[in-house]
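User: I would like to go through this model with you, starting with the charged pairs. Could you take my questions as they come?

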Amino acid sequence: MDTRELTEILRATIDPNQRQQAEEQLARIHKIIGFAPSLLQGIMLNDVPLPVRQAGVVYLKNLVTSGWHEKEPENGEPIPFSIHEQDRAMIRDMMVDAIAQAPDIIRVQLCVCLKTMIKHDFPSRWPQIVDKIHIFLQNHEPNSWMGALLCLYQLIKNYKYVSTNKRNTLIEATNLLLPMMYNLIVNLQADQSMESVLLQKQILKCFHSLILYVFPLSLITKEVFTKWMEVLRSVLEQPVPEHTLQVEEDERLELPWWKYKKWAIHILYRLFERYGNPVNARQDYIEFFEWYLTTFTGGILEVLLRILDQYRQKIYISPRVLQQTISYIDQCISHAHSWKLLKPHMFAIIQDVLFPLMSYSDADDELWFSDPHEYIRLKFDIFEDFVSPVTAAESLLMSCCKKRKDMLERTMHLCMQVLTSQGGEYGPRQKDGALHMVGTLNDILMKKKFYKEEIDSLLSQYVFPEFHSQLGYMRARACWVLHCFAVVRFKSEPQLVDAVRLTVNALLNDTDLPVKVEAAIALQMLLSSQEKVYVLLEPQVKAVITELLQVIRETENDHIANVLQKIVPLYTEQLMPMAFEIMEHLATTFSKVIKTDCGSDEKAITAMGLLYTMQTVLNVMEDNPEIMVQLEKTVLRVVVHILHHNIIEYYAEAFTLLCNLTAKTISEDMWKVLEMLYQIFTNEGTDYFIDMMPVLHNYITIDTNAFLSNENHILAMFNMAKVVLNSDAEDESEVYAAKLLEVIVLQCSGKIDNCLHSFVELVLGRLTRKVKTSELRTMLLQVLIAILYCNPHLLFTILNSLQESVPNASITQHFIKQWIHDTDCFVGLHDRKLCVLGICTLLEMGPQRPSLDEILPKIIPSCLTLFDGLKRAYEARAEADDTTSSEEDEADDDEEVLSSDDDDINQMSSEYLQNLAMMATKNSAQQGVNVTAKIEEYDSDDDDDDEDFEPDETAIECYTTPLDEDDCTIDEYIKFKNTLSNLSASEPALYHALTSVLTEVQQKQLNAIFVLADQRKAQQDSKRIEQSGGYSFSVPAQVPTTFKFGS
């Protein structure tokens, strides 16, 4: 295909007047052999304008991503397009050259192509890529190095999650290329130009990817590793050029000089965290761990302490480098060897690094006043926590104060020195830092008796006064500290009253939005932790809710939505008059959030929080039909918007809201929503069927007469089940589809007989195809058992009518045999109960009963299995109802503090214990002492016990039927006993055949079931008499308070 002609078509795709015609032309020709290589050649032409090359590379990327790998055709579908092998071979030959020569904007897209190609073709079809990269790295022309390194990076990344034993090809490739990477970075280090530093950064990224999950000990020997550690030390010590200080601070962290330092420290942190840490290190790395810790810890800490010293001297350090430095030191706290080196410097780090980091900064101040909404977003952004130096500082502070002696005392002394200072030595920002440190240590302080008893005094003296501060950030910090210590036991009630009054006042009357947000969270924590707060807040709860709604709308902060979720259920009665207003606020805010959502995670989290809060309001108001009528219109507006605009990320929450709206009654509008749900199912397929299931269940069970009044309702449910069961999805959605059919059968018993033929045909059709799980098989059988229970004669009539299609075997006999064979697969209460009732119905059919000759000896033993399971299931349910949570014991004062010679190994995993055993054995052997170290774990149960485990309650049992209602009078025990008693009189021969095969043990089990049946019958009779007005003991007999024997 002519390359120039192709570039002209690409040129036309970026002209609005010719775009459609050009795209149609590309669609016609892209399958022609030679198209893809010609496209790549056109992209490589330097005389073609860059926008045209961009259009071409995006088209190539999409073509390679979708068509590189040959796919198998779906059933009855044509063979999907894939690029011809001849073209793939040509592209493989050109791709590394193309990436090496291309400008950055083209190279990025080509690397995406390369990723797909390596995934499918390396090493089998494309071993030559390693030689290509090798040639370019050997080349003395620096322009080709970056392209080669990007190719190498994609090659290594392809093995990111591959286990050690499958990495041989990568090891062979890097065996050739790693020495070249090392030589290149060493030679480049003298040159601190931007181009050189970018190349060094890419080499470090390759090395990081190589050691990310597996450390290749055979490739990186001690000698090689030592050389690379020297490279990392050199990178971190290399001064950043002076001219970078002229760049704005916000943009400085993106400069390559800081980025390559970030990757160097990334590697150090990963090495220590994964391979140099005895808790995480695998058995293979034991020797490496020992050697690493003793050989490199001193040198690494020296470099990192120098970085912290630069920060202390107000020399700029990029936030990510600072964060990773602090995180590495955090890891060192746990190890005796590294702690000994760190200990002399630790308090200086707390005082001169962590304390300033945790204090209110110039950047905070600028954001507070210029964009308070962004200030709030950053403070509550969970993703920011992963990269923030402040979060790293908090973590390090907690680690050293929790694990190392004297650190807590010295830190608290520093904090109190700042808080009690009167001479102007420390300003408000330093007081903010001190309160930040105290609040961060809340968990540790609350476990130390010495500090715990003084917390309420600390709050009264140093925190409560800050609620009146002229500085907004200090008022916000006061709220935050109060939320940290919300669980404290105040020695006097007036202190608690003060805490609530100050917090509510901050929420309702403060002029700064960040203060209101912190006050709201503090209020929630007080409510959760202090019983008396409920009464104290009650007079102002309406004002509080109104303000919370306003803050949610203004900030779109999901934490405030969570506060609302906690408060609304506590004050249901008080909030009834404003339920509609609350819901309207939430709905309006949700609409605002999704309109401004540009795909950010924060917006999605906020939107979900709002939907959850709407669910909370519906849950607490569901017993008030008048209020629910009002709320329904508002909630439907939100749900219909989500469904109509196919905002699939909120489908699950929308279906839950619909479930709430149909929990008690179903309005006319809600019946119209069923049509919308069916439409969504038709358009989207089976993906959301399980999410829809609770609301579909409500439509069938809440207003069954209305459900049956329109045959389209039944047809829609049947069609959904049919699509799922015929989709060959082979996932749990099929189980739910069968359950839906069973619910319809039992709920509409006697009213849908004309539909049952279709139900039976559908279920049998699915049973005749491969069924992978016993759960699906028993659920399908259960649909047939439900029909048998409701109308046995109709079921066998239908089975006989379908017999013609299966001339060689009896469908009826096959169904009954499979059912009895599978009785041990029925789990939970409902399934077993229905199974027993089905067997009873079958036995009661008399002369019209199908032949049971083959399975007669198995029927009673199968029932005994079912009753044994029922007994366990009833016990499990009773136990679950009685379970109460117990408070955890408070920790001892100093249980977590380590001496300087101790390692902190929190999780004594079996793997770590094995490692210790091997180290002990090895060290003793070196010293000529024969020691056998063996770690044996105590296991309370044999492994075999797990094989017999079964869940007593299945997830699907929440979809109840009339058989599961509390007032259901049909008891399986009573029914079973009555059935056998009647059979002994009416069909003694059958009764004898059923019972004569029982062993002595089985006979005892049967008698026990009969005794239990009599007990349950007596309970039923007693309950019935009580409900009809008998057995009334409402007036208790007077019990004398003293007893005298004799006169």
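User: Which residue forms a salt bridge with R107, and how far apart are the closest N and O atoms?
Analyst: The partner of R107 is D104, and the closest N and O atoms are 3.1 Å apart. Please keep in mind that this is a predicted model.

User: Where do R107 and D104 lie?
Analyst: Both are in helix α6, which spans residues 104-121. They are three residues apart, about one turn of the helix.

User: And is R107 buried or exposed? What about D104?
Analyst: R107 counts as buried, at 7% relative accessibility, whereas D104 counts as exposed, at 54%.

User: How many salt bridges does a search of the whole structure find?
Analyst: The search finds 49 salt bridges. One of them joins the side chains of E374 and R377, with an N to O distance of 2.8 Å. E374 and R377 both belong to helix α18 (residues 372-379) and are three residues apart, about one turn of the helix. E374 is partly exposed at 24% relative accessibility, and R377 is partly exposed at 31%.

User: What about K977, which side chain does it meet in a salt bridge?
Analyst: K977 meets D1014, at 2.7 Å from N to O. K977 lies in helix α50 (residues 972-986) and D1014 in helix α52 (residues 1000-1027), so this pair ties together parts that are 37 residues apart in sequence. D1014 is partly exposed, with a relative accessible area of 39%.

User: Which residues do salt bridges with shared partners join into one network?
Analyst: The network consists of E70, E85, R88, R92, D121 and R125.

User: Let us turn to cysteines. How many disulfides does a search of the whole structure find?
Analyst: It finds zero disulfides.

User: Changing topic: how many helices and strands does the protein chain have?
Analyst: The chain has 52 helices and zero strands. Of its 1047 residues, 49% count as buried.

User: What box do the C-alpha atoms fill?
Analyst: Along the principal axes, the box is roughly 105 × 100 × 80 Å. Among contacts with a separation of 6 or more, 74% are between residues 24 or more positions apart. The accessible surface of the chain comes to about 51,500 Å², and 50% of that belongs to carbon and sulfur atoms.

User: Next, G433: where is it found, and what does it touch?
Analyst: G433 is part of helix α22 (residues 428-440). Leaving aside residues up to four places away in sequence, G433 touches F355, M358 and S359. G433 counts as buried, at 0% relative accessibility.

User: And E547, is it buried or exposed?
Analyst: E547, in helix α30 (residues 541-555), counts as buried at 17% relative accessibility. Not counting residues up to four places away in sequence, E547 touches L507, L508 and K516.

User: Last one: which residues make the nonpolar surface patch of about 390 Å²?
Analyst: That patch is made by I382, F383, F386 and I605. I382 is found in helix α19 (residues 382-385) and is partly exposed, with a relative accessible area of 45%.

Note on methods. Residues are numbered from 1 along each chain as its sequence is written. This is a predicted model: local features need pLDDT of at least 70, side-chain atom pairs count only at pLDDT 80 or more; totals for chains, interfaces and linings use all residues. Side-chain values use heavy atoms; hydrogens and water are left out. Patches are made of residues with over 30% relative accessible area and no salt bridge: like charges are joined within 9 Å, nonpolar side chains (Val, Leu, Ile, Met, Phe, Trp, Tyr) within 5 Å. Accessible areas come from the Shrake-Rupley method with a 1.4 Å probe; for residues, only the protein chains shown count as cover. A salt bridge is a side-chain nitrogen of Lys or Arg within 4 Å of a carboxyl oxygen of Asp or Glu. Helices (H or I, at least four residues) and strands (E, at least two) are DSSP runs, numbered from the N terminus. Buried means under 20% relative accessible area, exposed over 50%, partly exposed in between (1.4 Å probe, protein chains only). A disulfide is a pair of cysteine sulfur atoms within 2.5 Å. Contact means heavy atoms within 4.5 Å.
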